[in-house]
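Trainee: Could you take me through one part of this model up close? I'd like to start from a single residue and see where it leads.

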Amino acid sequence: MQINQPLPMLAGLSPTEFMEKYWHKKPLLIKGAFKDFKPVLTRAELFRLAESDEVHSRLVEYLDEDDLPAWSVKNGPIKGKDKPAFTRAAWTLLVQGVDLINKDAANLLRQFRFIPDARLDDLMISYATDEGGVGPHFDSYDVFLIQASGQRLWRIGHQKDLSLREDTPLKILANFKPQKEYLLSPGDMLYLPPRYAHEGIAVGECMTYSVGFRAPKSDELARDLLQRVADETQELIGSKVYADPKQTAVVHPAQIPEALQYFAMQALAKTIERPDVFARLLGESLSEPKDHVWFQSSATAYRSSPSNKHPYPAGVRLDDQTKMLYDEMHVFINGESWRATGKDKTLMRLLANRRTLSSAELGNASEDALDLIVNWVDAGWVHAL
Ligand code: SIN
Ligand code: CO
């Protein structure tokens, strides 16, 4: 991606300028970010997705019963009878991870790859009837809100008071004080940094796409890494038995020996003090597919032939659900890791960054690298073009 070229989707800023001036700092409204924007699916298709157990969806209804505004939430799958009439106002359906099942949604998400893949999360699509929305709230992550169809009024405010109401199942700000409002039409986009108060209200029927990000929490990341370390303890530090030839006779038998405390501390420290192991475990963790993801192989039997160096005459591409990352020493794909060196390292990095390899590029792969790619095609992680 050209990171220094001005982009219409960033209001004429280059990705470099956008990251410097706005990312994680302040909102940006981009009128006409996407010219002639075409929704990636119809209303009927969105509701069909919401019927599936494999997809995370929520139905949120605004209830104007008492003096205080209130909301009801139903988690998916959302089947026919759960869905209010389209003629009824003030409800919304939200479907997450549409990029995992819809090619055009995946391509739209890819336009944001000037931000590292390890941070990019998913594309959520919401449909709302007139006045529908999820109420005034803040998100913990950055978000790009793309208006896909119809219009939505966004009210936003930079406020310190982020206290939440305690009487609703949704996270609703107790004291929302909007400072600005923007009416978004199809193709417009609003970027909001984390913890920025906002509320989107549908003006007539509308659909909004949210490009969401993930930011690991330090405690959750540490727990995940420690779990992975725990699974490999024996390979990492062996299984040395505690020995105490210098143990003296004791008059206080209940007291834990200091040498045993030291032995335990050393054992623990050794499991986490190797940067190469730590980097591998982190990459495996970050490239782990989400829970409900499963892959379907499109492979036909691999026939090796001496005249044909590889079986992919048109090249290969990563499946839209595949997460492929790398660091200095490793290549990670869907939670697994390999050490790659030399021209295989270059090739694997190219596949991870560009998500596709041409036939000629595959022609340069070593036999080992090609074997891996064939295995990935068998697993449905990679597809022949
Ligand atoms: C929506 O699409 O209604 C919600 C998006 C958001 O506020 O983050
Ligand atoms: Co939000």
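Mentor: Glutamate 284 sits in helix α7; helices here are DSSP runs of H or I with at least four residues, strands are E runs of at least two, and both are numbered from the N terminus. Keep in mind that this is a predicted model, where local features need pLDDT of at least 70, side-chain atom pairs count only at pLDDT 80 or more, and totals for chains, interfaces and linings use all residues. As for bookkeeping, residues count from 1 along each chain as written, chains are lettered from A and ligands numbered from 1 in the order written, and side-chain values use heavy atoms, leaving out hydrogens and water.

Back to Glu284: its relative accessible area is 11%, so it is buried (under 20%; exposed is over 50%, partly exposed in between, with a 1.4 Å probe and protein chains only). Leaving aside residues up to four places away in sequence, Glu284 touches Arg228, Phe332, Gly335, Glu336 and Ser337, contact being heavy atoms within 4.5 Å. Aspartate 142, by comparison, is 142 residues from Glu284 in sequence and 24 Å away, C-alpha to C-alpha.

The largest one has a volume of about 1,700 Å³ and 50 lining residues, with Gln96, Asp121, Asp122, Tyr141 and Phe213 nearest its centre. Helix α7 (275-286) is among the elements giving two or more residues to that lining, alongside β4 (91-95), β5, β6, β9 and α4 (218-231). Strand β9 gives the most, with 6 residues. A pocket is an open set of points on a 1 Å grid over the protein atoms alone where a 1.4 Å probe fits, with protein on both sides within 12 Å along at least five of seven lines, and lining residues have an atom within 4 Å of a point. Points join across faces, edges and corners, and the volume is the space filled by probe spheres set on them.

The cobalt ion (ligand 2) is coordinated by His137 (NE2), Asp139 (OD) and His198 (NE2), at 2.0 to 2.1 Å. His137 is in the loop between β5 (120-128) and β6 (143-157) and His198 in β9 (residues 197-213), so the pair ties together parts 61 residues apart in sequence. Donors are N, O and S atoms within 2.8 Å of the metal (3.2 Å for Na, K and Ca), and with water not among the atoms, sites may look incomplete. Both histidines are buried, His137 at 11% and His198 at 3%.
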